[in-house]
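This report describes selected helices and their packing, chain by chain. Please keep the sequence and the model in view while reading.

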Amino acid sequence: MSVTDRDDAEVLEGLSSQLAMKTLPRFAAGYSALIAAALTAVIVALTPAQGIAGSLVILFLLYMVVQTGWSFAVEGRRFAVDRLATTLVTTMFMIALAALVWIITSVVIRGLSSFSVDFLTSTMRNVSPLREGGGLLHALVGTLEQVGMAALIAVPISILVAIYLVEYGRGKLSTWVTFFVDVMTGVPSIVAGLFIYTFWVLTFGFERSGFAASLALTILMIPVIVRSTEEMLKIVPNDLREASYALGVPKWKTILRIVIPTAFGGIVTGIMLSIARVAGETAPLLLTTFLSQSMNGNLMAGPQASIPTFVWDQISSGTPASIDRAWAGALVLILVVVIFYGLARLVAKLTAPASE
Amino acid sequence: MSTDLKPLDAPTPRVQGSSVRMGDRVFTNLTRLAGIFVLVLMAAIGAFLVWKAIPAFRDNTGNFFTTQEWFPDASPPFFGIAALAFGTAISSVVAMVIAVPVAIGTALFIGFYASRRIATSLGFIIDVLAAVPSIIYGLWGLQVLMLHMDGITKWLNDYLGFIPLFRNEIGIYTKSIFIASVVLAIMILPTISALSREVFLQVPRSHREASLALGATRWEMIRMAVIPFGRPGVISATMLGLGRALGETIAVALILSAAFEINWHITEPSGNTFAANIALKWNEAGPIGLSALIASGLILFIITLVVNMIARAIIAKHKEFSGANG
């Protein structure tokens, strides 16, 4: 990828246009926008008020019409279509970007306005929904415990599955396992919660607890970790394995001592990403452990709070004070996710040279 | 990336007497057991849901598939999934209609329009959307987006109201399927976009360069070289997005007003989905109520399973092409 495709395209377009045909001036897009803006101003002035959003839509449509029409007149149909496509594709990207920016800024601005240190160090015990104050320490503890336990169960299973698929997998069984790991990534999180409830509570008669929530999260983590670990094991060079075999090292020891350590950084990164993924899950937790307003450090007994269900609870209460708490909770949740993503990148960076 | 590296089999030490080393045998079986565990787990999810759904199927006096009401804890129990199935289907379809063009446009922009230096970062930024937890989408949809949707929904009613889908007969525009669909569209956008981008990047460089060399514009290059090559991948990406939209719970549960009716006017407050209904009704349900919710969850599980299997089958079928670019 030394010379970019874009440069190729530009050079070619530039060459052909200089040799053979008329083209629009270089700043055609800017001129079109100016013309469109002027026309929009006229339309908004002459017709009943359109509002800001309406004006923007009119501006955009006019811009497309002006530019495409101009290009059609000067350059011909093919280049007019090309310009239209460029405008549309760019717009689609801008829409996606705008949605992201809108969501993140909403959470940061509204979250910060009701955030305080107290929020991190107190619980909701004896705090009525109508009152301000309270915090999510209990939920933070719950989330860390549940996600930690889920990782503890999911990581060994997933790594073994990945080793099976990459190092041993032959024939029908491995095809089926690969297929169902892929399908498992699409299991809705609420179904994972339903299954754990029927299995753990209805069939075996345990009470709803943080541990049941961990089991549900485990189901969501396994396919993610298997996939990422698989990719990492696949890029370990075969030379390393063969060198080890040549020295008479058994296959299992080669995997544990050579292959896994080589891929270690990538595997840990995948685990961190899966943790970031499930830390925000709400639906399975509502079914398997529900809510709690007080601190419950015991994973095995009684309802336990978590940050996502804390936010759910505050939204459900619906009072101004609790909506503020919901936004602050959302901010903390985003921060938790960001921290795990950051750790993933850090691990990837620190261990990168070792895998080369 | 997807070329399968099959490591050579380890030299099996053929010392007379013992054919395979003890450690190898234990480790092989341990990893195979883990592989089998995944299959057993998927089977168990189906089996337990079926088993615990039986009481609801047995005692239901309504028709499970055509009844719109949901009174599983009444005596006799009377409920059906018609309204849930309708709400799930229409919200997902509207979300797809919004998300697919935006997602494919985004993938094309990052792949072929943005400068190579920033393309990777742009891809990463769009992937951030996938990392935002669904509860935050719900909160944002309820508290922010809903306040700004009146304009467009009123416009749809005023100018496209002759289409039943966009007509609003009660003049209230909040808590509607349409708003839920917009939020769903944003949530599934990164899923569709990321996979499409991956497929577009696998279009052989020679195909693209050949079409440019023949004088094609950038758009003609995309239409003639990229889209035909990437179509199966884009279709399966769309199916995966659909699977995610069908199963999304919390954001939908927060936004919809949870009514048990089939209402084609998607800008009116109404609607309910399988997943949202489970989350909303779970903690007030009696024994048959739980069983009925499990039964509806079973249907959701089967639907998403089928959608995902189709998507994966398409990817698997076209896998041989995907290594074309090395």
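The expected span of a helix is taken as 1.5 Å times one less than its number of residues, and helices (H or I, at least four residues) and strands (E, at least two) are DSSP runs numbered from the N terminus. The model is predicted, with local features requiring pLDDT of at least 70 and side-chain atom pairs counted only at pLDDT 80 or more, while totals for chains, interfaces and linings use all residues. Residues are numbered from 1 along each chain as its sequence is written, and chains are lettered from A and ligands numbered from 1 in the order in which they are written.

**Helix 3 of chain A**

With 24 residues (51-74), helix 3 of chain A reaches 34 Å from its first C-alpha to its last, close to the 34 Å expected at 1.5 Å a residue. Its buried residues are Y63(A), Q67(A), T68(A) and S71(A), where buried is said of a residue with 20 or more other C-beta atoms within 10 Å of its own, exposed of one with 12 or fewer, and partly exposed of those in between, the C-beta atoms being placed from the backbone. The cover over these buried residues includes helix 2 (28-46) and helix 4 of chain A. After helix 3 of chain A comes G76(A), which has a positive phi near 100 degrees.

**Two helix pairs**

Two packed helices are described by the angle between their axes and the distance between the axes. Axes here are lines fitted to C-alpha atoms, for helices over the stretch in contact, and angles run from 0 to 180 degrees between N-to-C directions.

| Helix pair | Axes come within | Crossing angle |
|---|---|---|
| helix 3 of chain A and helix 4 of chain A | 7 Å | roughly 155 degrees |
| helix 8 of chain B and helix 11 of chain B | 8 Å | roughly 165 degrees |

Angles under 35 degrees count as roughly parallel, over 145 as roughly antiparallel, 65 to 115 as roughly perpendicular and the rest as oblique. Helix 3 of chain A is therefore roughly antiparallel to helix 4 of chain A, and their contact, which requires C-beta atoms placed from the backbone to lie within 7 Å, involves residues including Q67(A), T68(A) and S71(A) of helix 3 and R77(A), F79(A) and A80(A) of helix 4. Helix 8 of chain B and helix 11 of chain B are likewise roughly antiparallel to each other; among the residues making that contact are P232(B), I235(B) and G243(B) of helix 8 and L300(B), T304(B) and A311(B) of helix 11.

**Chain B and its helix 3**

Chain B contains twelve helices and two strands, and its C-alpha trace spans about 75 × 65 × 30 Å along the principal axes. Of its 326 residues, 49% are buried.

The 16 residues of helix 3 of chain B (116-131) should span 22 Å at 1.5 Å a residue, which agrees with the 24 Å between its end C-alpha atoms. Its buried residues are G123(B), I126(B) and L129(B). Seen down the helix axis, these fall within an arc of 95 degrees, so they line one face of helix 3 of chain B, the arc being that of the directions from the axis to the C-beta atoms. On the other side, R117(B), I118(B), T120(B), S121(B) and F124(B) are exposed. The buried residues pack against helix 4 (77-113) of chain A together with helix 2 (82-113) and helix 6 (177-201) of chain B.

**A295(B)**

A295(B) lies in helix 11 of chain B and counts as buried because it has 22 C-beta neighbours inside 10 Å. Leaving aside residues up to four places away in sequence, A295(B) touches A53(B), A56(B) and F57(B).

Methods
Contact = placed C-beta atoms within 7 Å.
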